[in-house]
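I opened the model to look up a few things and wrote each one down as I went. The entries follow in the order of my reading.

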Amino acid sequence: MKRRDFITCFSLGYFASSLPEKVVASPPETTAISSTSGDWQTVGTIAELDKAGQLLNENLPVGAVLVIGTSKSKNLVAVNPICTHMGCTVEWLAEEKIFLCPCHASEFDPNGNVQMGPATKPLSNYETKIEGDLVIVKRSS
């Protein structure tokens, strides 16, 4: 083995072993939960939602989900945050009350409807509810 290859392998191994255990070994929390139906998926906890005003989970079986609001909101909003134009992840701008695509500036209203293109199709919506301390969603009918 050449010296350069050894140093590269050693460095990568050292870096990987120094990562926190949670990053390296923890599986994503994507458990389906509901007493009413198996279609509901856990996005996160109400503590996480209340702290940031939004929850993003990109690893659910129903697809990526962005939930906007707080546990005290009467109407939580949940959309698939993947822009229908070119597939970039939209951002929620709370002050403007819009979802904005950072790639090509498509704008969507809080319900996911297109306000300004180039996107022509709305974002997919999800039904939301709080069950215990979890925020859960299911694909809208």
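This is a predicted model: local features need pLDDT of at least 70, side-chain atom pairs count only at pLDDT 80 or more; totals for chains, interfaces and linings use all residues.

Entry 1, a cysteine. I looked for cysteine 103 and found it in the loop between strand E6 (98-100) and strand E7 (107-108). Helices (H or I, at least four residues) and strands (E, at least two) are DSSP runs, numbered from the N terminus.

Residues are numbered from 1 along each chain as its sequence is written, and side-chain values use heavy atoms, with hydrogens and water left out.

Entry 3, the whole protein. I found three helices and ten strands. Along the sequence the pattern reads α-α-β-α-β-β-β-β-β-β-β-β-β. Of the 141 residues, 28% count as buried.

I traced an open sheet of six strands in the order E1-E10-E9-E4-E3-E2, with antiparallel pairing; two strands pair if DSSP finds at least two bridges between them. Strand E1 (41-45) and strand E2 (54-57) are at the edges with a single partner strand each, so one side of each has no neighbour in the sheet. Strands of a sheet pair through backbone hydrogen bonds, either parallel or antiparallel.

I looked at strand E9 (residues 125-131) and strand E10 (residues 134-139), which pair in the antiparallel sense over six bridges. Isoleucine 130 has valine 135 in E10 as its bridge partner. E1 and E10 pair in the antiparallel sense over four bridges, and glycine 44 stands opposite valine 135 in E10. Four of the five residues of E1 are buried, so E1 is largely enclosed by the rest of the structure.

I found an open sheet of four strands in the order E5-E6-E7-E8, with antiparallel pairing. Its edge strands are strand E5 (91-93) and strand E8 (114-116), and each pairs on one side only. E7 and E8 pair over two bridges, and glutamate 107 has methionine 116 in E8 as its bridge partner.

Which members of the largest core touch the most other members? Of its 13 residues, they are Val90, Phe99 and Phe108. The elements that give two or more residues to this core are strand E3 (65-68) and strand E4 (77-79). Apart from this core lies another, of twelve residues, including Leu49, Val62, Val65 and Leu76.

I searched the whole structure and found one salt bridge, meaning a side-chain nitrogen of Lys or Arg within 4 Å of a carboxyl oxygen of Asp or Glu. Lysine 129 forms a salt bridge with glutamate 131, and the closest N and O atoms are 3.7 Å apart. Lysine 129 is partly exposed at 24% relative accessibility, and glutamate 131 is partly exposed at 23%.

Conventions. Buried means under 20% relative accessible area, exposed over 50%, partly exposed in between (1.4 Å probe, protein chains only). A nonpolar core is a set of buried Ala, Val, Leu, Ile, Met, Phe, Trp, Tyr and Cys residues joined through side-chain atoms within 4.5 Å.
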